[in-house]
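Let's take a walk through a protein chain together. Have a look at the sequence and the model first, and then we will go from the whole to the details.

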Amino acid sequence: MSSVNLQTLSEHKRNGRKFAMLTAYDASFANLVSNAGVEVILVGDSLGMVLQGESSTLPVTMEHMAYHTQSVAKGNQGALIMSDLPFMSYASVEQALENAAELMRAGAHMVKLEGGRALAETVSRLTEMGVPVCVHLGLTPQSVNVLGGYKVQGREQTAALQMLEDARVLEEAGAAILLLECVPTLLAEEITKNSNVPVVGIGAGPHTDAQVLVLHDMLGITPGKKPKFVKDFMQGSSSVVGAVESYASAVRDGSYPGPEHSFE
Ligand code: KIV
């Protein structure tokens, strides 16, 4: 695969071609996932839960994120690498600039942060300074204690209108990608139609421009109850590479996610 960049992803959106994103946290999986044709690797702070066994993403530090970003960058074969700014690492604009610089030096091509329009200035400064930003809306796991649990967001009209407005303001501030987690299908569709930048979904129905999953979830190795939006792609595949390839092709042909993985 030739190297994926933001222009590639914008072209995909313009041409109505869906693209795939998966988490990876080390060189071996980064190599496998990128060679399987997945366009974007997310070095997610979900590593706190899937690698470190924590019960939330809150204990993840900048040191952890930089270490895993470096490992992913070494194995990557042309995917775009997005790295999470962890909890409280972007509480001020200055902190966001400093910490984003560390992730970019470690090999990230862009950073992701969680929150609504209050982040507009941060997004705008990062973009001006050469750091492309993805903003994560909907269920934002770093705010689990404010949200009162891992729940679908934007079900009520006021919350839905707020999310639409957040998406608009953040795109205007310079966000290069929006990511929607656990959002009703119709709202995700509306945000996707109204955005000029690619919108990635996880538990946000089939109408977003792209999909993302946590690698361990789609390989069926995360212990405990799996969220509704997760599909185990190892079922019916004879290898890990096969499972990752069938995930990427199911995202591209629109067969994943189905209604059984979505919130109406
Ligand atoms: O950290 C992560 O893996 C994420 C995905 C759930 C989108 O943010």
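Among contacts in the protein chain between residues at least 6 apart in sequence, what percentage join residues at least 24 apart? The answer is 63%, where a contact means heavy atoms within 4.5 Å.

Before going further, here is how to read the model. It is a predicted model, in which local features need pLDDT of at least 70 and side-chain atom pairs count only at pLDDT 80 or more, while totals for chains, interfaces and linings use all residues. Residues are numbered from 1 along each chain as its sequence is written, and side-chain values use heavy atoms, with hydrogens and water left out.

Let's begin with the overall fold. The protein chain contains 11 helices and eight strands; these are DSSP runs numbered from the N terminus, with helices (H or I) of at least four residues and strands (E) of at least two. The radius of gyration of the protein chain is 17 Å, close to the 18 Å from the globule rule for 264 residues, so the chain is as compact as a globular protein of that length. That radius is taken over C-alpha atoms, and the rule is 2.2 Å times the number of residues to the power 0.38. Along its principal axes, the C-alpha trace spans about 45 × 40 × 40 Å.

Of the 264 residues, 57% count as buried. Buried means under 20% relative accessible area, exposed means over 50%, and partly exposed is in between, with a 1.4 Å probe and protein chains only. The chain exposes about 11,300 Å², and carbon and sulfur atoms supply 51% of that area; the areas come from the Shrake-Rupley method with a 1.4 Å probe. As for charge, there are 18 positive and 28 negative side chains, and the centres of the two sets lie 5 Å apart. Here Lys and Arg count as positive and Asp and Glu as negative, while His and the chain ends are not counted. Each charge is placed at NZ of Lys, CZ of Arg, CG of Asp or CD of Glu.

Next, the cysteines. A disulfide is a covalent bond between the sulfur atoms of two cysteines. How many disulfides does the structure hold? There are zero, taking a disulfide as a pair of cysteine sulfur atoms within 2.5 Å. The sulfur of C134 has its closest cysteine sulfur in C182, 15 Å away, which is too far for a bond. C134 is buried, with 0% relative accessibility, and C182 is buried too, with a relative accessible area of 6%.

C182 brings us to a loop, the one between β6 and α9. Although C182 is not a glycine, it has a positive phi of about 50 degrees. P184 lies in the loop between β6 (177-181) and α9 (185-194) as well, and it counts as buried at 9% relative accessibility. Leaving aside neighbours within four places in sequence, P184 is in contact with V152, Q153, G154, R155, F263 and E264.

Is M88 buried or exposed? M88 is exposed, with a relative accessible area of 53%. This residue is in the loop between β3 (80-84) and α5 (93-106), and it has a positive phi of about 65 degrees although it is not a glycine.

Let's turn to a strand. Q211 sits in strand β8 (residues 210-213) and is buried, with a relative accessible area of 3%. Not counting residues up to four places away in sequence, Q211 touches a set of residues including F19, A20, M21, Y247, Y256 and P257. P257 lies in the segment after α11 (240-253).

Helix α11 is our last stop, and V240 lies in it. V240 is partly exposed, with a relative accessible area of 29%. Not counting residues up to four places away in sequence, V240 touches F29, L32, L219 and M234. V240 and V40 are 200 residues apart along the chain, and their C-alpha atoms are separated by 18 Å.
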